[in-house]
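Here is a friendly briefing to read with the model open beside you.

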Amino acid sequence: MSTAAVRHKRTSTLRGATLPKWTSWAIAAGSLAVAVGIGLGAGLDSEIQWGLIAAVLFVLGTYTVAARVEGRRQAKDRVATSLVWVSFVIAVIPLASLVWETVKRGAKVFDGYFLSHSMGVVADTETGGGIYHAILGTLEQVGLATVIAVPVGVLTAVYLVEYGRGTLAQAITFFVDVMTGIPSIVAGLFVLSFWILILDMGYSGFAGSLALSILMMPVVVRSTEEMLKLVPNELREASLALGVPKWRTILKVVLPTSIGGITTGVMLAIARITGETAPVLLLVWGTSFINSNPFEDPQASLPLYIYQQYANSAGSGAAYDRAWAAALTLIGFVMILNLVARGIARWKAPKTGR
């Protein structure tokens with residue numbers, strides 16, 4: 001007998017029985033069929049209840065079949081994997097349902113006219129109108145907040161990682177943690193009391209940007225700080241060993257290496273503030289007309305537009321349709337931001353090949 005045959009024989013004797021790859025799919029299909037039967041027999045009308053019963057049957061069925069064929073140890077491993085998949089499905093279903101409902105309802109009035117017109121001469125209960133003024137306001141307010149928050153957040157993170165030692169660094173870290181949990185309404189009230197009531201600067205898009213930048217800063221600091229910590233110290237030491245100053249090492253080595261993660265963190269912060277309504281409601285005040293100057297007079301925004309259409313609709317179907325279409329636009333805006341972030345991260349990522 002050859003050496004390869006002996007080796008194969010020994011391996012086959014040590015390896016136990018293994019379930020085929022399609023077993024999980026078969027158990028899932030069987031669990032779903034049994035759950036539907038139980039639901040119909042018990043008079044359960046909710047499909048959510050059917051899904052929960054199917055999930056429990058899937059986990060129990062996976063353990064039973066795997067224990068009989070592969071043993072209890074392998075069965076426990078398969079149960080853990082099954083729980084991960086069940087949790088993933090439970091988390092994805094509400095998200096997919098929300099996106100589907102938004103697309104289905106928002107597509108009724110989502111067209112070029114809706115995107116290129118405002119509500120200046122249209123009442124909330126009438127048909128027609130659009131969100132051009134809200135899109136313009138959102139872009140300007142989020143853009144100003146990003147210009148304010150990103151430099152401050154990135155520089156703060158650089159200080160904490162590269163220079164921060166002692167009491168000052170600990171105090172900054174503490175206040176960043178506190179700001180992370182501040183409700184958006186608190187940031188809006190702070191800017192309202194200082195910028196509008198004390199300084200008497202009036203309602204404007206810039207006032208809303210100040211509150212949004214307060215909400216954005218801690219996210220930028222935390223994400224940038226974690227990305228900078230992932231940069232290997234060997235890169236810093238190699239640069240410093242060549243006589244490069246520390247500030248230039250940070251600028252030319254540390255930041256380019258972590259630019260992909262920093263960009264992703266910034267985009268996540270932008271996505272967070274894009275949907276904020278409370279600060280905009282307090283500080284920007286809202287308008288149905290186009291205002292391209294964020295530093296003067298009230299201005300519209302997408303989250304505020306959605307709120308106003310629902311609050312002032314008086315049961316009008318046209319207002320509900322516009323609100324869903326604006327929500328669809330907001331989701332599309334966030335998706336575009338994520339795609340841009342991925343593109344920038346891939347473009348700026350350090351080249352590893354030769």
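Predicted model: local features only at pLDDT ≥ 70, side-chain atom pairs only at ≥ 80, totals over all residues.

## Pockets, a cavity and the helices around them

The second largest pocket is lined by Leu 95, Leu 98, Val 99, Thr 102, Tyr 310, Ala 323, Trp 324, Ala 327, Leu 330 and Ile 331. Residues are numbered from 1 along each chain as its sequence is written, and side-chain values use heavy atoms, with hydrogens and water left out.

**Terms for spaces and elements**

- On a 1 Å grid over the protein atoms alone, a cavity is a set of points where a 1.4 Å probe fits but cannot get out, and a pocket is an open set with protein on both sides within 12 Å along at least five of seven lines; lining residues have an atom within 4 Å of a point.
- Grid points are joined across faces, edges and corners, and a volume is the space filled by probe spheres set on the points.
- Helices are DSSP runs (H or I, at least four residues), numbered from the N terminus.

**The second largest pocket**

- The space in the second largest pocket comes to about 190 Å³.
- Helix 14 gives the most to its lining, with 5 residues.
- By class, the lining of the second largest pocket has 9 nonpolar residues, 1 polar and no charged ones (Ala, Val, Leu, Ile, Met, Phe, Trp, Tyr, Cys and Pro count as nonpolar, Asp, Glu, Lys and Arg as charged, and the others, Gly among them, as polar).

**The largest pocket**

- The largest pocket has a volume of about 910 Å³.
- Its lining has 23 residues, and Ala 28, Phe 58, Trp 85, Val 86 and Val 89 lie nearest the centre.
- The elements that give two or more residues to this lining are helix 2 (23-42), helix 3 (47-69) and helix 4 (72-106).
- Helix 4 supplies the largest share of the lining of the largest pocket, 9 residues.
- The lining of the largest pocket divides into 15 nonpolar, 6 polar and 2 charged residues.

**Phe 58 and helix 3**

- Phe 58 has its place in helix 3, and it counts as buried because its relative accessibility is 13% (buried means under 20% relative accessible area, exposed over 50%, partly exposed in between, with a 1.4 Å probe and protein chains only).
- Leaving aside neighbours within four places in sequence, Phe 58 is in contact with Ser 24, Ile 27, Ala 28, Ser 31, Ser 82 and Val 86 (contact means heavy atoms within 4.5 Å).
- Ser 24 is 34 residues from Phe 58 in sequence, and the two are 8.5 Å apart in space, C-alpha to C-alpha.
- Helix 3 has 23 residues and reaches 32 Å from its first C-alpha to its last, close to the 33 Å expected at 1.5 Å a residue (the expected span is 1.5 Å times one less than the number of residues).
- The buried residues of helix 3, including Trp 50, Ala 54 and Thr 62, pack against helix 2 and helix 4.
- Gly 71, which follows helix 3, has a positive phi near 100°.

**Helix 8**

- Helix 8 (residues 184-198) has a kink of about 30° centred on Leu 192 (the bend at a residue is the angle between axes fitted to the seven residues ending there and the seven starting there).
- With 15 residues, helix 8 reaches 20 Å from its first C-alpha to its last, close to the 21 Å expected at 1.5 Å a residue.
- Leu 192 is among the buried residues of helix 8, as are Val 191 and Trp 195.
- The buried residues of helix 8 pack against helix 9 (205-229) and helix 12.

**The largest cavity**

- The structure holds 1 cavity of 30 Å³ or more, and the largest cavity has a volume of about 40 Å³.
- Residues lining the largest cavity include Thr 138, Gln 141, Leu 212, Glu 276 and Pro 303.
- Helix 6 (132-163) gives the most to this lining, with 3 residues.

- Trp 285 lies in the loop between helix 12 (278-283) and helix 13 (302-311), and its phi is positive, near 80°.
- Asp 297 is in the loop between helix 12 and helix 13, with a positive phi near 70°.
- Most residues other than glycine have a negative phi.
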